[in-house]
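Visitor: I have a protein model open on my screen. Could you walk me through it?

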Amino acid sequence: MAELDPTPRVSPLAQSVTRDGKTVQIDIYEDGEGGWLLEVVDEHGNSTVWDDSFASDREALDEALKTIDEEGIDSLIGTSSEERGMRELDQALSEAELNELDDFLANETIEETSMDVSTLEGFLTAIAIGPRTVMPSEWLPWVWDRETGESEAGFESVEHANRIMSLIMRHYNTVVHTFIDAPASFEPVFWSGDQWGAAEWCEGFLLGFQFSDEAWGLLAAGQPTWFTPFLRLGTDDGIDITKRAGDAEKWMNEIELSLVKMHAFWKDRRASQPGGLVDDDFHFGGQQSVGQVIRGGPKIGRNDPCPCGSGKKFKRCCGANEAPHTFH
């Protein structure tokens with residue numbers, strides 16, 4: 001009994017086709033049952049395979065050429081691995097992914113110094129809309145250590161590091177693209193769930209000023225009302241005043257409008273500077289400090305048991321439920 005040839009026979013009609021400077025390879029194989037299979041492979045290695053077999057290799061070739069002529073060669077060309085990677089980095093994080101990132105940042109090895117997701121988003125927003133481009137190598141150390149920027153992240157493996165870095169960069173890209181495409185549609189994460197705090201968000205936003213502190217200070221001197229929501233919600237003195245006044249939600253609702261104004265201001269100035277950067281030499285008058293974030297008293301870890309005795313984690317209990325809504 002003759003053995004079956006495990007290698008399918010390739011039709012002599014298999015060929016490469018070029019249109020508009022783009023090339024695909026048309027491959028036609030016997031299916032072992034008297035028919036012919038059609039596959040088209042693009043220059044990136046992406047493959048398009050027809051579900052049904054053809055009665056002859058000529059019929060298969062004619063179908064491939066017909067598709068190219070009628071639908072265009074682009075219909076058979078996918079994205080490169082680099083493009084796919086960039087698309088993945090542009091995908092907004094799901095709530096589950098936000099919680100995954102927050103759980104990492106609450107890891108006991110870095111919890112005392114790291115940002116949580118709300119603080120991180122505020123921090124990234126200040127960087128994204130601010131006076132100059134800040135490279136990730138400058139701001140990433142502050143994610144793990146918001147006090148000195150010196151602590152290590154403590155990844156478990158290379159794969160773990162890649163995963164966490166991907167989540168952070170995707171979230172950063174989401175913020176950037178939102179302000180590029182539709183600034184007024186930006187919605188801070190603290191509106192998405194009670195576990196994310198407006199106070200933490202504003203604290204992170206103010207921390208993001210450090211990379212261009214003089215420019216931010218001068219803008220605050222010229223437009224102080226733009227900064228009021230962040231100072232009232234993100235500094236100890238401001239929080240004390242806000243709690244006494246009971247007007248936290250008012251200032252939370254002012255945040256988006258202030259962000260749109262700041263973004264428009266820096267966008268115009270970036271466009272007028274070489275390389276899109278803004279010098280720190282513009283003046284509205286005297287420089288004004290935008291406030292330093294200082295947290296007094298012992299810190300309750302986000303993964304610590306809630307002191308109320310509920311048995312839940314602090315971030316899922318009293319750490320998320322202080323009134324009003326998401327002002328922690």
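Here are some questions and answers about this predicted model.

Visitor: What pLDDT does the protein average?
Guide: pLDDT is the predictor's confidence in each residue, from 0 to 100. Of the residues, 75% score at least 70. Residues 1-5 stay under 50. The average is 80.

Visitor: Is D20 buried or exposed?
Guide: D20 sits in the loop between β1 (15-19) and β2 (22-30). Its phi is positive, about 55°, although D20 is not a glycine. Exposed means over 50% relative accessibility. D20 has 75%, so it counts as exposed.

Visitor: How far apart are the end C-alpha atoms of helix α1?
Guide: Helix α1 covers residues 57-71, which makes 15 residues. At 1.5 Å a residue, it should span 21 Å. The model agrees: the ends are separated by 21 Å.

Visitor: Which strands do the buried residues of α1 pack against?
Guide: D57, A60, L61, A64, T67 and I68 are buried in α1. They cover an arc of only 120° around the axis, so they lie on the same side of α1. D69 and E70, on the other side, are exposed. The buried residues pack against β1, β2 and β3 (36-42).

Methods. Residues numbered from 1 in each chain as written. Predicted model: local features only at pLDDT ≥ 70, side-chain atom pairs only at ≥ 80, totals over all residues. Heavy atoms only, no water. Helix = DSSP H or I, 4+ residues; strand = E, 2+ residues; numbered from the N terminus. Buried < 20%, exposed > 50% of the residue type's maximum accessible area, 1.4 Å probe, protein only. Contact = heavy atoms within 4.5 Å. Expected span 1.5 Å × (residues − 1). Arc of directions from axis to C-beta.
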